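Biologist: I have the model open and want to go through it with you. Could we settle the wording before we look at anything?

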Amino acid sequence: MKKHRLSTRLWHWVNVFALVILFMSGLNISNAHPHLYWGQWGFDPRRAWLNVWNFPGWATIPGYYSLAEARQWHVLFAWVFAVGLLLYMIVALVNGHFRRDIVTGRKEWRWSAVRADIAAHLRFDFHHGEGKYNFLQKLAYGVVLFILLPLMIGTGMAISPGSDAAFPWLLHLFGGRQSARSLHFIVAWSLFGFLVLHVVLVL
């Protein structure tokens with residue numbers, strides 16, 4: 001059976017651990033004000049575009065409501081995740097992993113090829129295609145690496161209490177603090193869905 005290198009496997013499982021901690025501490029932070037808005041300001045639940053449910057203690061870190069402690073967990077593991085991601089990006093650029101394994105070719109975007117790829121996935125055939133990954137895998141990894149993760153980090157920095165002084169332009173980029181917060185929530189659940197599906201398919 002083919003296996004990834006030990007360093008790659010370790011990096012993946014460190015990512016899983018960090019993402020789980022980030023997600024669960026994020027749910028605790030969400031409980032502080034479980035309402036989402038668009039724009040710069042938002043405090044009236046009647047004007048929220050989404051009223052989020054309160055998450056139980058077994059789903060949060062810590063296991064009881066504490067905004068201060070949840071933020072400490074969140075910031076600590078955000079650094080763990082960000083540093084690991086930065087190192088991965090550098091190595092993947094240097095060794096050609098992105099160009100060789102992630103970049104898609106024009107013929108892979110033809111509808112007949114996409115349809116065949118979907119059909120193969122439905123048969124649990126993941127070893128088709130010319131390269132290391134098939135088209136849907138490349139597409140998923142590309143969206144996660146180059147859209148969702150940069151959005152996650154950018155919106156996280158934008159809603160951080162100290163961002164006004166350090167990165168004031170981030171709030172304008174995302175249309176205000178509450179818009180950044182809403183995007184952070186949406187992307188977090190998208191990454192959670194990808195993580196669960198990814199691990200299930202691997203197993």
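Modeller: Let me begin with contact, which here means that heavy atoms lie within 4.5 Å. This is a predicted model, in which local features need pLDDT of at least 70 and side-chain atom pairs count only at pLDDT 80 or more, whereas totals for chains, interfaces and linings use all residues. Residues are numbered from 1 along each chain as its sequence is written, and side-chain values use heavy atoms, with hydrogens and water left out.

Biologist: OK, how many helices and strands are in the chain?

Modeller: The chain has eight helices and two strands, taken as DSSP runs numbered from the N terminus (helices are H or I with at least four residues, strands are E with at least two). Along the sequence the pattern reads α-β-β-α-α-α-α-α-α-α, and the C-alpha trace spans about 50 × 35 × 35 Å along its principal axes.

Biologist: At what angle do H2 and H5 pack?

Modeller: Helix H2 (residues 67-94) and helix H5 (residues 135-159) pack at about 145°, with 12 Å between their axes; the axes are lines fitted to C-alpha atoms over the stretch in contact, and angles run from 0 to 180 degrees between N-to-C directions. H2 passes H5 in a left-handed crossing, a label used when the near helix is turned anticlockwise from the far one by less than a right angle.

Biologist: And which residues meet there?

Modeller: From H2 come Phe81, Leu85, Tyr88 and Met89, and they meet Leu145, Leu149 and Ile153 of H5. By class, this contact of H2 with H5 has seven nonpolar residues, with no polar and no charged ones, where Ala, Val, Leu, Ile, Met, Phe, Trp, Tyr, Cys and Pro count as nonpolar, Asp, Glu, Lys and Arg as charged, and the others, Gly among them, as polar.

Biologist: Switching to pockets, how much space lies in the largest one?

Modeller: The largest pocket holds about 2300 Å³. A pocket is an open set of points on a 1 Å grid over the protein atoms alone, where a 1.4 Å probe fits and protein lies on both sides within 12 Å along at least five of seven lines; lining residues have an atom within 4 Å of a point. Grid points are joined across faces, edges and corners, and the volume is the space filled by probe spheres set on them.

Biologist: Which residues lie nearest its centre?

Modeller: Of the 50 residues that line the largest pocket, His4, His12, Tyr133, Tyr141 and His198 lie nearest its centre. Helix H1 (6-30) gives the most to that lining, with nine residues, and by class the lining has 28 nonpolar, 15 polar and seven charged residues.

Biologist: What is Tyr141 in contact with?

Modeller: Tyr141 sits in helix H5 and, leaving aside its neighbours within four places in sequence, is in contact with Ile102, Tyr133, Phe194 and His198.

Biologist: What volume does the second largest pocket have?

Modeller: Its volume is about 1400 Å³, and of the 39 residues lining the second largest pocket, Ile29, His74, Gly156, Ile159 and His184 are the closest to its centre. H8 gives the most to this lining, with ten residues, and the lining divides into 28 nonpolar, eight polar and three charged residues. His74, which lies in helix H2, is in contact with Leu22, Ser25, Gly26, Ile29 and His184, again leaving aside neighbours within four places in sequence.

Biologist: How many aromatic pairs turn up?

Modeller: A search of the whole structure finds 15, with rings of Phe, Tyr and Trp (its six-membered ring) pairing if their centres lie within 6.5 Å; planes under 30 degrees apart count as stacked, over 60 as edge-to-face and the rest as tilted. The rings of Trp38 and Trp49 have centres 5.5 Å apart and planes at 15°, so this pair is stacked.

Biologist: Last topic, the backbone: where is the cis peptide bond?

Modeller: The cis peptide bond joins Ile61 and Pro62, with omega at about -5°, and Pro62 has its place in the loop between E2 and H2. Phe124, in the loop between helix H4 (111-122) and H5, has phi near 60°, a positive value in a residue other than glycine.
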